[in-house]
Amino acid sequence: MAGLCEGGNEPPGSLKASKSLGEVATECMVEAAEEAVQENAGSTDIAIAIDGSWQKRGHTSLNGVVTATSIDNGKVVDVVCLTKYCHGCVVTKNKVDHTSNCVKNFDGASETMEVEGAVQIFKRSIEERGVRYSTYLGDGDSRGFQQVVNEKPYGEHFKIEKWECLGHVQKRMGNRLRKLVKDMKGQKLADGKIIGGRNRLTKDAIGLLQLYYGNAIRNNTDDINKMKRAVWAMYFHKLSTDEQPHHQLCPKGPDSSCKYNVDQSTCKHNGLPVEVMTKLKPIYRDLAHPDLLKKCVHGLTQNPNESFNNLVWLRVPKTTFVGLKSLKAGVYDAVISFNVGNIGRAKVLQNLGIAPGYNTLTFLRELDDIRVAKADQAVELMSKAARQKKRNLKRRREDEEANNPGYGAGKF
């Protein structure tokens, strides 16, 4: 009967392999938690990032994975695999006899899987990891955090702090602006034009405003007031015109990103119309609120969680539905690879009574070396692109200065 839950009878070796994967993955997560405690000066109150991912896009997936990664070392410290499907429930006529073997472990809307997973992770942290999660870094959806707070996993008086993922906060700007364009479709502004269109709030303009907003937060994580000032500086910078410049809040000096404060004589404004910026002001007011910005001073994102999710769905493709056992096997293998590398699979073989040989160990180490080399190469390419961009900007300024010299016949 147990085999029906996955869609067929599983051989004993398969069950043993799944168990070995689970044991090694759990060891890796316990070690990751212990490492986080050491990096946190021995304190067992550590910060984690929570993120949910689904096998099917949208909110209709039957399978979901909720991950907790340590803020201190970026490694996975806990995972929860949830499913709303059991093959045994479908093919077994006698539901009563099947109940004890049912693998379905979640009821409700798929989008609430993250909430359930977060609660489970917090409730078992002391018993299974020996730590308390004092900080919850999540995306804009606060339902998981609020449910954790309501459950009081560490007692009445222990306060869990909420941090926001910078990537998701940055996306709020784009989402709010796109919604504004959609809601005001066809409506005329004070100048008789719609909010979108050429030289107004286009898709490209929204992308730039979102990028500038994210940079304003990332570049000022040491001070909320500086962060708020930078956000508003961006607003007034885009509001500026040649006739009415508003650059008082922009950075000063020759290295300033504001061309007007670098050289007023050569600066040509290409901001957005006053009528458009007036409609944007409430959005900036909300997204520059200190209550939101203080949750971003950490300067962190959920990138480790996203990277781990990518490993999971490489092993369990979103194009092929699987049962809970297969889902867990893919997740556990991803945990091992993510936390310790492919070499961690050698321990899985040892647990199965298989001594990995020289060639196997060499191959696993080579896989890890290749992965690290690709990561280094990607970073190098990004650094190279940044250096190239800086050089091009310097050359452009030099060309502008050459074409507009500060001295010459008749200039004085």
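Between which two helices does the loop that holds N199 lie? N199 lies in the loop between helix 7 (166–183) and helix 8. The legends below describe this and other close-up views of a predicted model, in which local features need pLDDT of at least 70, side-chain atom pairs count only at pLDDT 80 or more, and totals for chains, interfaces and linings use all residues. Residues are numbered from 1 along each chain as its sequence is written, and side-chain values use heavy atoms, with hydrogens and water left out.

View 1. N199 counts as exposed because its relative accessibility is 59%. Buried means under 20% relative accessible area, exposed over 50%, and partly exposed in between, with a 1.4 Å probe and protein chains only. Helices (H or I, at least four residues) and strands (E, at least two) are DSSP runs numbered from the N terminus.

**View 2. An open sheet has 5 strands in the order 3-2-1-4-5.** The pairing in this sheet is mixed; two strands pair if DSSP finds at least two bridges between them. Strand 3 (76–83) and strand 5 (161–164) stand at the edges with a single partner strand each, so one side of each has no neighbour in the sheet. On average, neighbouring strands of this sheet are turned by 25 degrees against each other, direction ignored. Strand 1 (residues 45–54) pairs with strand 4 (residues 132–138) in the parallel sense over 5 bridges. The bridge partner of D45 in strand 4 is R132.

**View 3. Helix 13 (residues 303–315) lies across strand 1, strand 2 (63–70) and strand 3.** Helix 13 runs at about 40 degrees to strand 1. Axes are lines fitted to C-alpha atoms, for helices over the stretch in contact, and angles run from 0 to 180 degrees between N-to-C directions.

**View 4. The second largest pocket has a volume of about 520 Å³.** Of its 24 lining residues, D51, G52, S53, W54 and E306 are the closest to its centre. Strand 1, helix 7 and helix 13 each supply at least two residues of the lining, and the largest share, 5 residues, comes from helix 13. By class, this lining has 3 nonpolar, 10 polar and 11 charged residues. On a 1 Å grid over the protein atoms alone, a cavity is a set of points where a 1.4 Å probe fits but cannot get out, and a pocket is an open set with protein on both sides within 12 Å along at least five of seven lines; lining residues have an atom within 4 Å of a point.

**View 5. The largest cavity holds about 40 Å³ of space.** The structure has 1 cavity of 30 Å³ or more. The lining of the largest cavity consists of E111, E114, V115, Y136, D141, R143 and G144. Helix 4 (113–123) and helix 6 (143–151) each supply at least two of the lining residues.

**View 6. T221 is placed in the loop between helix 8 (203–218) and helix 9 (224–239).** T221 counts as partly exposed because its relative accessibility is 25%. T221 and K295 are 74 residues apart in sequence and 10.0 Å apart in space, C-alpha to C-alpha. Not counting residues up to four places away in sequence, T221 touches M227, C296, V297 and G299, where contact means heavy atoms within 4.5 Å.

Methods
Points joined across faces, edges and corners; volume = space filled by probe spheres on them. Nonpolar A, V, L, I, M, F, W, Y, C, P; charged D, E, K, R; others polar.
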